[in-house]
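Hi,

Here is the structure I promised to pass on.

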Amino acid sequence: MNQYQKAAALIKNSKHTTVFTGAGVSVESGVPPFRGENGLWNEYDPKILDLRNFYKSPEASWVIIKEIFYDYFGKAEPNKAHQVIARLEKDGHLETVITQNIDNLHQEAGSQNVLEFHGNSRFLICNECGKRYKLTKELLSELPPKCKTCGEVLKPDFVFFGEAIPEEEEKLSFAEAEKADLFILIGTTGEIQPASLIPVVAKSKGAKILEINIEKSNFTDDITDLFIQAKATEALAKIESEFYA
Ligand SMILES: [Zn+2]
């Protein structure tokens with residue numbers, strides 16, 4: 001068996017498969033990662049996503065936030081990796097997707113059960129009254145956008161620096177990791193805490209770990225059972241053809 005046949009067999013034989021995705025899955029849709037060589041932080045100051053700085057100068061922050069997250073990568077579309085993940089869920093072979101990405105692409109591909117560990121850029125939140133808004137062009141026509149109920153500045157509903165992980169998502173993600181007998185890591189290198197602990201918990205509770213990354217990660221030598229060194233789209237396309245062969 002080659003590694004793609006092995007991966008397909010792991011999915012077939014598992015009772016509870018959880019997928020855990022990171023920036024590497026969205027890069028192929030044109031969404032740049034934050035870190036690394038071609039990452040956003042080479043071009044922009046991470047301070048724009050610092051919670052205190054954001055509320056101190058909302059207008060200046062929003063001009064840049066709009067440019068990065070809404071004008072530019074707001075146009076991204078799901079790729080083959082998102083599509084295969086959605087198909088496996090639809091066909092009953094996959095329980096949950098835990099994603100660190102904030103781009104909504106899993107949902108756009110058709111995934112239903114998605115835990116957004118770092119929130120979702122397609123929504124804005126009022127941290128004063130708690131009202132949540134689905135993004136529209138109209139909301140961003142004047143910067144900074146303001147809450148229609150209380151007038152406070154709206155913030156993208158993803159996790160900023162200095163902000164906690166959404167409590168419910170965190171709880172559910174770790175619960176998923178405990179339930180999984182197969183845990184598939186895709187496009188994530190394990191540099192960001194506490195997200196990087198989720199696969200470790202899965203492993204400690206007996207899950208097999210399948211890892212798909214273009215390079216070895218912090219997980220590979222530590223917890224990974226089967227490592228596929230490839231781009232997410234390539235690997236998932238091959239696993240799909242083996243799985244449905
Ligand atoms: Zn409000």
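How much accessible surface does the chain have, and what share of it belongs to carbon and sulfur atoms? The total is about 12,000 Å², and carbon and sulfur atoms account for 48% of that. Bear in mind that this is a predicted model.

On the overall fold: UniProt, in an unreviewed entry, puts a "Deacetylase sirtuin-type" domain at residues 1-245. Over that range the chain is 35% helix and 17% strand, with the end C-alpha atoms 14 Å apart. There are 9 helices and 9 strands in the chain. The radius of gyration is 18 Å, which agrees with the value near 18 Å that a compact globule of 245 residues would have. Even so, the C-alpha trace spans about 60 × 30 × 30 Å along its principal axes.

If you take contacts between residues at least 6 apart in sequence, 66% of them join residues at least 24 apart. I also looked at the charges: there are 28 positive and 37 negative ones, and their mean positions are 3 Å apart.

H118 sits in the loop between β3 (114-116) and β4 (119-125). Is H118 buried or exposed? Its relative accessibility is 13%, so H118 counts as buried, the cut-off being under 20%. Leaving aside residues up to four places away in sequence, H118 touches T99, Q100, I102, F158, V159, I165, I192 and A195.

Then there are a few backbone details. Most residues other than glycine have a negative phi, and most peptide bonds are trans. Here are some that go the other way:

- L143 and P144 are joined by a cis peptide bond, omega about -5°; P144 is in the loop between β5 (132-134) and β6 (155-158).
- Q193 to P194 is also a cis peptide bond, omega near 0°, and P194 falls in the loop between β7 (182-186) and α8 (197-204).
- N104 is not a glycine, yet has a positive phi, near 70°. You'll find N104 in the loop between β2 (96-99) and α6 (105-109), and with 14% relative accessibility N104 counts as buried.

Cheers

Technical notes. Residues are numbered from 1 along each chain as its sequence is written. This is a predicted model: local features need pLDDT of at least 70, side-chain atom pairs count only at pLDDT 80 or more; totals for chains, interfaces and linings use all residues. Side-chain values use heavy atoms; hydrogens and water are left out. UniProt positions are given in the numbering used here, feature names are shortened, and annotations may be inferred rather than shown by experiment. Helices (H or I, at least four residues) and strands (E, at least two) are DSSP runs, numbered from the N terminus. The radius of gyration is taken over C-alpha atoms; the globule rule is 2.2 Å times the number of residues to the power 0.38. Contact means heavy atoms within 4.5 Å. Accessible areas come from the Shrake-Rupley method with a 1.4 Å probe; for residues, only the protein chains shown count as cover. Lys and Arg count as positive and Asp and Glu as negative; His and the chain ends are not counted. The place of a charge is taken as NZ of Lys, CZ of Arg, CG of Asp or CD of Glu. Buried means under 20% relative accessible area, exposed over 50%, partly exposed in between (1.4 Å probe, protein chains only).
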